[in-house]
Amino acid sequence: MNALSIGFAGLGVMGEPICRNILQKSRVEMHVFDLNTAPVERLVALGALKADSISAMAAKVDILFLSLPGGPQVESVILGDNGVVTSGKDGLTVVDMSTTPVALTREVAAKLAAKNIAFADAPVARTRQAAEDGTLSIMVGGTNEVFEKIRPLLSHAATDVTHCGAVGCGQVVKILNNMVLIETVVALSEALSLGKAAGIDVELLFDTMSKGSADSFALRNHGMKAMLKDNFPKGAFPTDYALKDISYALDLAAFTGFKAHGAELAKARMEKARDAGFAEEYFPVLARFTDKV
């Protein structure tokens, strides 16, 4: 690992702490780029090297990590003008940690492969705090060879790094993970509203549910820490991002020939929150928007 040169583009809520953990726990040369200069400066202070652009990194580094908002940004960065597919050096490995549509992931991988550039999708799960602590779960799609190459680096940012299969399989698992999470938050919002209406102490309700078969990560984190407190800050996983992920789940359902009724309901609930002006707030804010008969 000592000889590796790494690039990291996309230093947002998740990208910055992931990059920082890899930088501080490994002995690689780390180049960083983001349109926002503040996280770049923080990482440079820890020993990273500031890059002029993503294309400049792609021409130089051995492994390029991307942590971008979604599919349009990944498509632009890789396939757009002077994108990685044209600027990337021979033998480069690209690791996309964004959450992107499965079809796009496989299209990008095929076009990069034609240029002798390897690719893996490696979207992440768990919270912003998990990113800070280096305890994420990362789902990887790619060849065994690429997985073994990047696994030690990913392990600096995660306690669970799972090889899910060929390119695109990491995205499938991530998208379905988020679909179930978001649908569970919808169910919790209904329980919260019904409990209040029935005169139950909702803190007691959620605490008791956590001791029974309704217990879940969503209940203990999104429910108890956000929904009970009516605390939905900006800078966490926002409604717009959750809407993007549930839309990817619905795209996957259409591609596979299934109806995802729960995902359709979750999308409608989040659209209601977005249209009420809460696009940037932590997505469990959908709990504020329940319907009465």
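# Packing and local geometry in a predicted model

At the start of helix 10, the backbone nitrogen of Glu 203 has a side-chain oxygen of Asp 201 within 2.9 Å.

## Helix 10

The buried residues in helix 10 are Val 202, Leu 205, Phe 206 and Met 209. Around the axis they span an arc of only 90 degrees, and therefore sit on the same side of helix 10. An α-helix has 3.6 residues a turn, so residues three or four places apart point the same way. Glu 203 and Leu 204, on the other side of helix 10, are exposed. The packing partners of the buried residues of helix 10 are helix 9 and helix 11.

## The nonpolar cores

The largest nonpolar core contains 39 residues, of which Ile 246, Met 270 and Phe 283 touch the most other members. Two or more residues of this core come from each of helix 9 (169-197), helix 10 (202-209), helix 11 (217-227), helix 12 (239-256) and helix 13 (261-275). Another core lies apart from it and has 35 residues, including Leu 4, Phe 8, Ile 63 and Ile 150.

Met 270 illustrates the contacts made within this part of the model. With neighbours up to four places away in sequence left aside, Met 270 is in contact with Ile 182, Thr 239, Ala 242, Leu 243, Ile 246, Phe 283 and Leu 286.

## Helix 13

Helix 13 comprises 15 residues, and the distance from its first C-alpha to its last is 21 Å, close to the 21 Å expected at 1.5 Å a residue. Its buried residues are Ala 263, Ala 266, Arg 269, Met 270 and Ala 273. Viewed down the axis of helix 13, these buried residues fall within an arc of 125 degrees, so they line one face of the helix. They pack against helix 9 and helix 12. On the other side of helix 13, both His 261 and Asp 275 are exposed. Gly 277 follows helix 13 and has a positive phi, near 100 degrees.

Strand 4 (residues 63-66) is covered on both faces. Ile 63 and Phe 65 are buried on one side, and Leu 64 and Leu 66 are buried on the other. In a regular strand the side chains alternate between the two faces of the sheet.

Strand 4 runs parallel to strand 1 (residues 5-9), to which four bridges join it. Four bridges also join strand 4 to strand 5 (residues 93-96), again in parallel. Ile 63 takes part in both pairings: Ile 6 stands opposite Ile 63, and in strand 5 the bridge partner of Ile 63 is Thr 93. Ile 63 is also among the residues of the 35-residue core.

## Individual residues

Asn 82 belongs to the loop between helix 4 (71-79) and helix 5, whereas Asn 116 belongs to the loop between helix 6 (102-113) and strand 6 (118-121).

| Residue | Relative accessible area | State |
|---|---|---|
| Asn 82 | 51% | exposed |
| Asn 116 | 44% | partly exposed |
| Val 85 | 14% | buried |
| Ser 137 | 12% | buried |

Asn 82 counts as exposed because its relative accessibility of 51% is over the 50% cut-off. At 14%, Val 85 is under the 20% limit and is therefore buried.

Val 85 is located in helix 5 (residues 84-87). Beyond its neighbours within four places in sequence, Val 85 is in contact with Ile 78, Leu 79, Lys 111, Leu 112 and Lys 115. The C-alpha atoms of Val 85 and Ala 114 are 9.0 Å apart in space, while the two residues are 29 residues apart in sequence.

Ser 137 is part of strand 8 (residues 136-141). Residues up to four places away in sequence not being counted, Ser 137 touches Pro 123, Val 124, Ala 125, Arg 126, Ala 158 and Asp 160.

How values were computed
Residues numbered from 1 in each chain as written. Predicted model: local features only at pLDDT ≥ 70, side-chain atom pairs only at ≥ 80, totals over all residues. Heavy atoms only, no water. Core = buried A, V, L, I, M, F, W, Y, C linked by side-chain atoms within 4.5 Å. Buried < 20%, exposed > 50% of the residue type's maximum accessible area, 1.4 Å probe, protein only. Contact = heavy atoms within 4.5 Å. Expected span 1.5 Å × (residues − 1). Arc of directions from axis to C-beta. Pairing = 2+ DSSP bridges. Polar contact = N/O pair within 3.5 Å; in protein donor to acceptor, adjacent residues only side chain to side chain.
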